[in-house]
Amino acid sequence: MDAKSPPADADRDLRLLLPPAAESPPAAPVAGVFADLGAPFWEALAGRAPRSVALQVPAGLVRDAARLARTIADRTGARVTLLNRACFGACDGPATDESNGADVVVALGHSPIPNVRLAVPTLFVEMRQPPADPEPMADRIAASGIPRRLGLVASVQHLDLVEPLREALRRRGFSLPIRPGDRRLAYAAQALGCNYSSSEAVAGEVDAFLFLGTGEFHPRGLALTSDRPVYAFDPLQGRLEPPVDRERLVARRLLYVAQAQSARRFGILVSTFAGQHRPAMAEALRRRAEAAGREAVVIAFGRLQGTDLLGRDLDAYVNTACPRIATDDAGLFERPVLTPPEFLMALGSLPMAPYRFDTFR
Ligand code: SF4
C-alpha cells in the first residue's frame, strides 16, 4: 500500500462510533462578500474538473470562507481545503505541499501576474466592483481643481471604473492617457504594489495621478515611483483625498538609508515565494557588500515577521522580497530594512536623489 493513500476502511473507526449517517443537509447559500462570484467563476472551476481544490482568501475576507469552501465542495464534488495563510498577491501562491495536494488553487481578490509561474494551477477571482455612475464622481473630481492632464490608475477591484470615468472626465476637458504596463501587470492602468509601470508609461504626458480605490497602500507606492502629485479617489465613499506627502515618505526612507551607512554586517533577505524570489539579486548584493568592505549573509524566508529578525548579530538588512515590506512595515523591525536601491544608496553606489522605488519586473 502507498504510505500516502488512506486504507480502504479508513472510516471504519468512525462508523463504529457513530449512528447510521443521516442524509447531509443541503449546502447553505454562500453569503456576504462571496455571494456573487458569478457564473463565469463556477464555469471556469467546473471546466478544470478538479478532484481537490485549495481555497485562499485575503485576510480581510475570511469570515465567509468556510461556507464558500463547502459550496465549492458541493458544486464540484472536489475535496476542498481552506488555506490558513492569506496571500498578498499572485506573487505568493501556495507551494505544492502547502496546498494539501490540491490540483487547483482558487485565489480570491487578486489578478494573475503574467510573468510569475505558480507551483499549482491557480484560478484567480478578481472580485471586481461593479462601477457606479461616473458622472457625479467626474463632477466632484473636476470641481476639485485637480490637474487636467491626469494619469488614471486603479486597484484590480476598481479597474472596471477606469473607462467610464475616463469618458466622463474627457467630456469635462481632461486628457487621460492609458498605456499597458510591463509583463508583471495583467491590465493597463493597473496598480500593483511592486509595479506601477502602466503609470510610468504615461508619466511624461500627465501632471498628476489619480488612484481609484481604497486605502493608502497604492497612493503611497505610486508616490514613491513618481514625483507627480498622487491624488486618491475612493469610489465607494465618493471621497477625493489630497495628494500624498511624497517628501515626507522619501525623507523617512532616506533616514533608514542614513542609519545603514555605518552598518558593518548585513543580512540579505531572499524570499521563497515564486513571485518574490530574486536569488541572483541577493547574491549580487552580497558580493557588492563584501566588495565595499562589509560582511553579508543571505537569509531565506517565506512570510517575513518582525520577530524573525530578532537576536541576530546583524546591523541592517536588505530585502529582495516584496518591496513593500521595507517601505510599509519598517516599524515592525528593530534594525533598518532597506530595499536594494536604498542599499546601493547606503553604499554610495547610487545618489540619494532621485529616490528609486524597488520595482519588480
Ligand atoms: S511582491 Fe508585494 S506588492 Fe508585489 S504583488 Fe506581491 S505582495 Fe503585492
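Predicted model: local features only at pLDDT ≥ 70, side-chain atom pairs only at ≥ 80, totals over all residues.
User: What does Pro 134 touch, apart from residues up to four places away in sequence?

Analyst: With those set aside, Pro 134 touches Leu 161, Pro 164, Leu 165 and Ala 168. For the pair Pro 134 and Pro 164, the separation is 30 residues in sequence, while their C-alpha atoms are 6.2 Å apart in space.

User: OK, stepping back, how many helices and strands are in the chain?

Analyst: The chain holds 11 helices and 12 strands. Along its principal axes, the C-alpha trace spans about 75 × 60 × 30 Å, and of the 361 residues in the chain, 39% are buried.

User: Of the contacts between residues at least 6 apart in sequence, what percentage join residues at least 24 apart?

Analyst: That share is 66%.

User: Which domains is the chain divided into?

Analyst: There are domain 1, covering 17-125, domain 2, covering 134-244, and domain 3, covering 257-346. The C-alpha centres of domain 1 and domain 3 are 34 Å apart, and these two domains do meet, with 10 residues of domain 1 in contact with six residues of domain 3. By class, the side of domain 1 that touches domain 3 consists of six nonpolar residues, one polar residue and three charged residues.

User: What about the ligand, which residues surround it?

Analyst: Around the ligand are Phe 88, Gly 89, Cys 91, Leu 192, Gly 193, Cys 194, Gly 275, Gln 276, Cys 322, Arg 324 and Phe 360. Sorted by class, this shell has six nonpolar, four polar and one charged residues.

User: Switching to the inside, how many residues does the largest nonpolar core have?

Analyst: The largest nonpolar core has 94 residues, and those with the most contacts inside it are Leu 55, Ala 154, Phe 211 and Leu 338. Strand S3, residues 104-108, gives the largest share of this core, with five residues.

User: Take Ala 154: what is it in contact with, leaving aside neighbours within four places in sequence?

Analyst: Ala 154 is then in contact with Leu 159, Leu 161, Val 162, Ala 189, Gln 190, Ala 191, Phe 211, Leu 212 and Gly 213. Phe 211 is also named with Ala 154 among the residues that have the most contacts inside the core.

User: Now the sheet with S11 in it: in what order do its four strands come?

Analyst: The order is S10-S9-S11-S12, in an open sheet whose pairing is parallel. The edge strands, each pairing on one side only, are S10 (295-301) and S12.

User: How many bridges join S9 to S11?

Analyst: Strand S9, residues 265-271, is joined to S11 by four bridges. Within that pairing, Gly 267 stands opposite Tyr 317, and Ile 268 has Val 318 as its bridge partner. S11 also pairs with strand S12, residues 337-338, in the parallel sense over two bridges, where Val 337 is the bridge partner of Tyr 317.

User: Which residues of S11 point one way, and which the other?

Analyst: From strand S11, residues 316-319, Ala 316 and Val 318 point one way, whereas Tyr 317 and Asn 319 point the other way, and all are buried.

User: Last one: which peptide bond is cis?

Analyst: The bond from Ala 353 to Pro 354 is cis, with omega near 0°, and Pro 354 lies in the segment after helix H11 (340-346).

How values were computed:
Residues numbered from 1 in each chain as written. Domains from an automatic or database assignment. Contact = placed C-beta atoms within 7 Å. Nonpolar A, V, L, I, M, F, W, Y, C, P; charged D, E, K, R; others polar. Near = placed C-beta within 6 Å. Core = buried A, V, L, I, M, F, W, Y, C linked by C-beta atoms within 7 Å. Buried ≥ 20, exposed ≤ 12 C-beta atoms within 10 Å, placed from the backbone. Pairing = 2+ DSSP bridges.
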